[in-house]
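Subject: Structure handover

Hello,

Please find the structure below. My notes on salt bridges and helix packing follow.

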Amino acid sequence: MKFMTLRIAPIEPQWFEQKAQVQSHTWHELNQDHIPQGIVDAITPEFALRLTRNAVHDRNQVTLVALDDDQVIGFTELLRAPRPPINRPDAAELASLYVLADHHRRGVGRMLVEAGKHAIGNDRLVLWVMAFNANAQGFYRHIGFHETGHTQTEDMGPELEMINYTDQ
């Protein structure tokens, strides 16, 4: 049996490509058959790498990676100021949280969220989850988030409902 040597760290250039691979893989895994295939296919490892490189220059964003034996198995991206339509100047936004499926239910997501709060300097978080993503909704409820009652529609060809959650 292999034991995980898990750690959470701020992203560094040596992990950019691995993070981009995880981002592309998890995006495809999550969204296949839920959003138009053209949008699923747009998040290639190369595209995700460009996003990752650009994000490190954004002072509003913090990116952390979950590492198991120095291999990226997940990541989170947080924003110091939530994007509209969220009007919560007291909160940060958990903009993304992805963990490879074979590492689910091992505490990785919770560790990323807690480390993200510390890194962003705010223990109040808000986030959006696609309505079809029951697994993510269950995870967020499990770690103490609750629905705010606010929704928004994301136009991805078909309109997709997004549900707002907060931990406060």
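Arg88 has a relative accessibility of 21%, so the residue counts as partly exposed (buried is under 20% relative accessible area, exposed over 50%, partly exposed in between, with a 1.4 Å probe and protein chains only). This is a predicted model: local features need pLDDT of at least 70, side-chain atom pairs count only at pLDDT 80 or more, and totals for chains, interfaces and linings use all residues. Residues are numbered from 1 along each chain as its sequence is written, and side-chain values use heavy atoms, with hydrogens and water left out.

Arg88 forms a salt bridge with Asp90 at 2.9 Å, N to O (a side-chain nitrogen of Lys or Arg within 4 Å of a carboxyl oxygen of Asp or Glu). Asp90 is partly exposed at 32%. Arg124 also bridges to Asp90, with the closest N and O atoms 3.4 Å apart, and these three residues, Arg88, Asp90 and Arg124, are linked in a network. Arg124 is partly exposed too, at 35%.

Lys117 and Asp167 meet in another salt bridge, 3.0 Å from N to O. Lys117 lies in helix H4 and Asp167 in the segment after strand E7 (159–166), so the pair ties together parts 50 residues apart in sequence (helices, H or I with at least four residues, and strands, E with at least two, are DSSP runs numbered from the N terminus). Lys117 is buried at 15%, and Asp167 is buried at 13%. The structure holds 7 salt bridges.

Regards
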